[in-house]
Amino acid sequence: ITNQLSVTKHPITRMYIPFAGGNTRIRILKELFAETGDIKYKNLDVVVMPFTDHRSLLINHYVENELRGDVSFWEKANGVARITAAIATEHDRITTASDVQKFAKTKGLNLSLGVLNLYLFVTSKLTPIGPWLEFKSTQVLLSPTWYALEKICKLSGIGNSDYFAAMQNCLQVTANELTAQVQSTGSSTSETPDQAVKLDVPQLITDRKGVAGNLLQIETQILEDLLTIVSMEKGMTYERFAALRRSA
């Protein structure tokens, strides 16, 4: 260990925890001590920092992960989700990406609203396949398709809860298939699931459109036509959509 770790005492558990990253290095030391019994791995000199608040602690860890550069998209998204939950708990209200951005800025961390919204989207909508997600395909393909299909379902009178439940079932099927692939390849310690097995994004989009088509009870090609029209007409009304659907 070349950089001295900093720790802080949690006010509730009274346990010392990393102040700004270091979990991986601590785990490695524990493994080395268990393997060798060498006393040099048992004790570690650290800097003790005062505990401020849970939100700040999460931000510190997030910054540390950003500096590492090897943290996955899903791990970053979960970091933002934890920060969001901490802010919501402290203020006892629904927290938005804007709230997270403002708090992060006070700690010297600049995050764009677009990226924050994408992080919150994947942790709330795409959890089953989280480990296999990548930033670009999620931003360009998965997120727009989700909201487009959701909009068409809403215009057809299908509630968001029904749409969400149907999509979660679809995502879980995909997640089960990916997990089976990971297990069959035998990849475990050196690679994360998203590195070992890749998500087939076009196939997932096709599957999701099929689920939406079943909800709407329309054929795939009609759904594709409606998606194109709805994407072009931003102020689509229920009446206009109903007419389009009858025409289709």
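**Note on the predicted model**

1. V7 is buried, with a relative accessible area of 9%, where buried means under 20% relative accessible area, exposed over 50% and partly exposed in between, using a 1.4 Å probe and protein chains only. V7 belongs to strand β1, and strands (E, at least two residues) and helices (H or I, at least four) are DSSP runs numbered from the N terminus.

2. Some words on the source: this is a predicted model, in which local features need pLDDT of at least 70 and side-chain atom pairs count only at pLDDT 80 or more, while totals for chains, interfaces and linings use all residues. Residues are numbered from 1 along each chain as its sequence is written, and side-chain values use heavy atoms, with hydrogens and water left out.

3. Apart from residues up to four places away in sequence, V7 touches Y16, I17, P18, F19, V46, V47, V48 and M49, contact being heavy atoms within 4.5 Å. The C-alpha atoms of V7 and V47 are separated by 6.2 Å, although these residues are 40 residues apart along the chain.

4. For the chain as a whole, there are 11 helices and 3 strands, arranged along the sequence as β-β-α-β-α-α-α-α-α-α-α-α-α-α. Of its 248 residues, 38% count as buried, and among contacts with a separation of 6 or more, 62% are between residues 24 or more positions apart.

5. V46 lies in strand β3, which covers residues 46-48, and V46 is partly exposed, with a relative accessible area of 33%.

6. The second largest pocket holds about 280 Å³ of space, a volume being the space filled by probe spheres set on grid points that are joined across faces, edges and corners. A pocket is an open set of points, on a 1 Å grid over the protein atoms alone, where a 1.4 Å probe fits, with protein on both sides within 12 Å along at least five of seven lines, and lining residues have an atom within 4 Å of a point. Its lining has 13 residues, of which I26, L29, K30, K42 and L44 lie nearest the centre. The elements giving two or more residues to this lining are β1 (5-9), β2 (16-18) and α1 (23-36), and α1 supplies the largest share, 4 residues.

7. Elsewhere, S143 is found in helix α6, residues 135-155, and is buried, with a relative accessible area of 11%. Leaving aside neighbours within four places in sequence, S143 is in contact with L118, F121 and T138.
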